[in-house]
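Good morning, and thank you for making time for this presentation.

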Amino acid sequence: MEFIVIVYIVTAVLSIIAAAILANFARRSARARTKDYTKLTGTNDDSSSLDDDGLRKVLFQEIKGVVKTEQQSLEIARKASNVLEKELQKRVELDREQIRQKYDDAIEQHVQNEELAWDKYNKVLDDKKRTEAVVRSIAEGLVVVDAKGKVIMMNPAAEKLLDTSREDKIGESLLDGLSEDKLVSLAKGSAESREIEITSPDDETKKILRASSAVVEDENGQTVGMVSVLSDITKQKELDRLKTNFVANVTHELRTPFVAIEKSISLILSKATGEINATQEKFLDIADRNLKRLSLLINDLLDLSKLEAKKMGIKRQLSSIENTINEAVGTLKAWAGTKSIKIEQKIPLSLPKINIEHNRIIQVLINLIGNAIKFTPAGGIITVEAVLGRDKKELEVSSQDSGPGIAKEDLDKVFNKFYQSGERSSTDINGTGIGLSIAKEIVELHGGRIWVESDKGQGAKFIFTLPI
């Protein structure tokens, strides 16, 4: 019986101690929340705190009802309080150590991240300095603009060419902010390459710049800016002007004596001035043919100089492309016949009339068909065709030969002045190298386009369009 009573007492005491521990945890949690609240609100409320003596009093009151003597109650309460305090102290130290370790780890990670960020920053800064050094050392003017067209970078060469300063241009449009005594105009050129002319009342300060531009895209293909390289081509333009004027003046001066010589030889060959023997007639014929060649060359040079100076006007009239092609083919048919070359025409009857200068388009066709005759071997075929464009807003006229063709790398050069490519018979009449250039200028004056399609050994097809 006494054993049962002892077990009962021990069980009750342990229950009380467990309850007290839980109560103490609850009070400490409340105390911690109160401290947090106090820090946040700035108040000072300690009503929920409980010191060690208060804990022992609570334990004593609970145990006193179970243990018979007051002395035993006090002893049990004291020991239970000591055990509780030690356990709580261990827990507090453990939590404190864990918090300290987490704090140290967070600080260390922060320091590492900061060092990594500084390393990246320094690397970017070094790359920026190297890039700026390269940009500054470029002899050509270099300007970088963002997606809105505002200048974000400019080197000293560009500052000198534009007669401005980097500080004034950063954040502004390339052509904005120039002094009032200057006129900035965009000359001919594509979006990738255009000319900028800067003039002032004083001709000595006139500049012509060529701006070659390239779009800058990000990894997603979005346009983020543009890089423009500025080249001073003022001297080059002046040399081109002097060359054009020289060619025009020389050819004009040569034209008069050549006409006089040609007429004199024609008069002698007609025997109006008296009889000539067969040998004299033979050499006079040779001289007459070569004078005609030189006359054609002079006329081509005069036409080219007019086209380059934008002084050739177009006198349009409503014309039939069929009549224009027939006249051009008729002019060259005898020459083609000497090489046994057949010229075929493919022209639908339903083609509309177009507004062109008849004689200038004939000049284009003679240049293209004549070029085909030079390159086509004996017994070949030349096909001249006219069709309505897909959009029915233009006519496409083409001349296709069965000659040796043009290499792919030469296709972009055939319309350059004085450029000749390909192979031809030694008996053929050599060209001047400017016929295709003149044809291109005349077609573009009419608002059309001209290009060539060819492959080595497959013949060449020259195509040009005329707007309806």
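Predicted model: local features only at pLDDT ≥ 70, side-chain atom pairs only at ≥ 80, totals over all residues.

Let me begin with helix α10, residues 435–445, whose buried residues are Gly435, Leu436, Ser437, Ile438, Ala439, Ile442 and Val443. Buried here means under 20% relative accessible area, exposed means over 50%, and partly exposed lies in between, with a 1.4 Å probe and protein chains only. Helices (H or I, at least four residues) and strands (E, at least two) are DSSP runs, numbered from the N terminus.

Residues are numbered from 1 along each chain as its sequence is written, and side-chain values use heavy atoms, with hydrogens and water left out.

To return to α10: the cover over its buried residues includes α7, α9, β12 and β13. After the helix comes Gly447, with a positive phi near 85 degrees.

How do α7 and α10 pack? Their axes are 10 Å apart, at an angle of about 45 degrees; axes are lines fitted to C-alpha atoms, for helices over the stretch in contact, and angles run from 0 to 180 degrees between N-to-C directions. The two helices are therefore oblique to each other, given that angles under 35 degrees count as roughly parallel, over 145 as roughly antiparallel, 65 to 115 as roughly perpendicular and the rest as oblique. The α7–α10 crossing is left-handed, a term used if the near helix is turned anticlockwise from the far one by less than a right angle, with right-handed used if clockwise. Asp300, Asp303, Leu304 and Leu307 of α7 make the contact with Ser437, Ile438, Glu441, Ile442 and Leu445 of α10, where contact means heavy atoms within 4.5 Å.

Helix α7, residues 278–308, also meets helix α6, residues 234–269: the axes come within 9 Å and cross at roughly 155 degrees. α6 and α7 are therefore roughly antiparallel, and their crossing is left-handed.

**The five-stranded sheet**

I turn now to the open sheet of five strands, which has the order β8-β10-β11-β13-β12 and mixed pairing. Two strands pair if DSSP finds at least two bridges between them. β8 (342–346) and β12 (450–454) stand at the edges with a single partner strand each, so one side of each has no neighbour in the sheet. Direction ignored, neighbouring strands are turned by 15 degrees against each other on average.

Strand β11, residues 394–400, is mostly covered, with five of its seven residues buried. Its pairing with β10 (residues 381–388) is antiparallel over six bridges, and Val384 stands opposite Ser399. Its pairing with β13 (residues 460–467) is antiparallel as well, over seven bridges; here Ser399 stands opposite Phe462.

What lies across the sheet? Helix α8, residues 321–338, lies across β8, β10, β11 and β13, running at about 170 degrees to β8. Helix α9 also packs on the sheet, touching β8, β10, β11, β12 and β13, and its direction makes about 170 degrees with that of β13.

**Cores and individual residues**

The largest nonpolar core has 45 residues, of which Ile321, Ile325, Leu365, Ile369, Phe462 and Phe464 touch the most other members. Such a core is a set of buried Ala, Val, Leu, Ile, Met, Phe, Trp, Tyr and Cys residues joined through side-chain atoms within 4.5 Å. Its largest share, eight residues, comes from α9, residues 358–375. Apart from this core lies another, of ten residues, among them Val143, Val151, Leu162 and Ala211.

Ile321, leaving aside neighbours within four places in sequence, is in contact with Leu351, Ile354, Leu395, Val397 and Leu466.

Most residues other than glycine have a negative phi. Ser340, in the loop between α8 and β8, has a positive phi near 55 degrees and is exposed, with a relative accessible area of 53%. Lys392 has a positive phi of about 60 degrees; this residue lies in the turn of the hairpin formed by β10 and β11, which have five residues between them. At 62% relative accessibility, Lys392 is also exposed.
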